[in-house]
Amino acid sequence: GKPDLSEYGIHALRGMNPPQGASNESSAPLDEAKARDSMRSLKGYTGIVYLDYEMWPLTGATPEVIHESVERYIRVAEIAHDATPVASFGFYGIIPCREYWGLVNHDAKKLAKWQECNRAGKQIADHVTVLFPSLYTFYNDQHGWDVYAKGMLDEARRYKKPVYVFLWPEFHPSNSDLKGTNVPAKFWRHQLEFCSSRADGVVLWGGWEERWQ
């Protein structure tokens with residue numbers, strides 16, 4: 001039910017989730033046959049695709065589990081490339097790894113873990129054509145968001161890929177006090193302008209089961 005916004009230079013993206021029936025557990029193996037079947041709908045597509053596979057950990061797990069996660073993400077990327085060789089694609093929110101408080105508080109311990117996670121992500125980045133860092137708003141704190149967003153975008157640029165930022169005009173639902181409410185208009189405009197000057201594009205998320213106006 002989205003409005004056609006192409007006259008404003010805003011175009012719909014294709015997104016691919018794990019195949020129907022696939023487990024979202026971090027230990028769940030990749031069902032290659034189902035993944036390949038789900039991506040057949042991309043055949044001939046020449047636009048941009050985000051792969052929304054968020055279940056395999058790149059941090060907070062044993063080196064063996066992280067290695068297995070990397071291999072699974074790489075395999076999904078290979079399947080996507082086989083399905084649509086001329087499209088641009090990448091993983092939503094995986095590269096670089098998300099880190100808020102480490103960046104905002106300059107927490108050396110958290111930043112060290114973040115960089116370790118990003119080193120694992122570098123292996124995945126070599127198999128995608130674009131990056132989709134997620135810069136959703138957790139708190140009504142523009143300065144904190146600026147520090148977080150700049151750190152994430154600076155890290156994303158290190159991978160030498162086009163960067164398309166996911167933004168959402170609502171506060172993230174992890175904040176129980178603010179979930180479901182809109183980011184204040186001035187703050188939202190600031191986010192758009194901030195990312196316009198530092199990224200290659202913005203992906204506007206939201207509107208699911210909501211009435212457009």
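Trainee: For the crossing of α5 and α6, is it left-handed or right-handed?
Mentor: In this predicted model, the crossing of α5 and α6 is right-handed. The residues that make the contact include Trp145, Ala149 and Leu153 of α5, together with Phe187, Phe194 and Cys195 of α6.

Trainee: How does that contact divide by class, and how many residues are charged?
Mentor: The contact of α5 with α6 has six nonpolar and three polar residues, along with four charged ones.

Trainee: At what angle do the axes of the two helices, α5 and α6, cross?
Mentor: The axes of α5, which covers residues 142-157, and α6 cross at roughly 20 degrees and come within 11 Å. Because angles under 35 degrees count as roughly parallel, α5 is roughly parallel to α6.

Trainee: Switching to pockets, what space lies in the largest pocket?
Mentor: About 1,700 Å³ of space lies there. The largest pocket is lined by 37 residues, and the closest to its centre are Lys2, Leu204, Trp205, Gly206 and Trp212.

Trainee: Which element gives the most to that lining?
Mentor: That is β5, which gives four residues to the lining of the largest pocket. Among the elements that give two or more residues to this lining is also α6 (185-198), the helix whose axis crosses that of α5. By class, the lining of the largest pocket divides into 20 nonpolar, 10 polar and seven charged residues.

Trainee: And what volume does the second largest pocket have?
Mentor: Its volume is about 260 Å³, and 15 residues line the second largest pocket, with Gly93, Ile94, Cys97, Arg98 and Cys117 nearest its centre. Helix α4, residues 108-125, provides the largest share of that lining, three residues.

How values were computed. Residues are numbered from 1 along each chain as its sequence is written. This is a predicted model: local features need pLDDT of at least 70, side-chain atom pairs count only at pLDDT 80 or more; totals for chains, interfaces and linings use all residues. Side-chain values use heavy atoms; hydrogens and water are left out. On a 1 Å grid over the protein atoms alone, a cavity is a set of points where a 1.4 Å probe fits but cannot get out, and a pocket is an open set with protein on both sides within 12 Å along at least five of seven lines; lining residues have an atom within 4 Å of a point. Grid points are joined across faces, edges and corners, and a volume is the space filled by probe spheres set on the points. Ala, Val, Leu, Ile, Met, Phe, Trp, Tyr, Cys and Pro count as nonpolar, Asp, Glu, Lys and Arg as charged, and the others, Gly among them, as polar. Axes are lines fitted to C-alpha atoms, for helices over the stretch in contact, and angles run from 0 to 180 degrees between N-to-C directions. Angles under 35 degrees count as roughly parallel, over 145 as roughly antiparallel, 65 to 115 as roughly perpendicular and the rest as oblique. A crossing is left-handed if the near helix is turned anticlockwise from the far one by less than a right angle, and right-handed if clockwise. Contact means heavy atoms within 4.5 Å.
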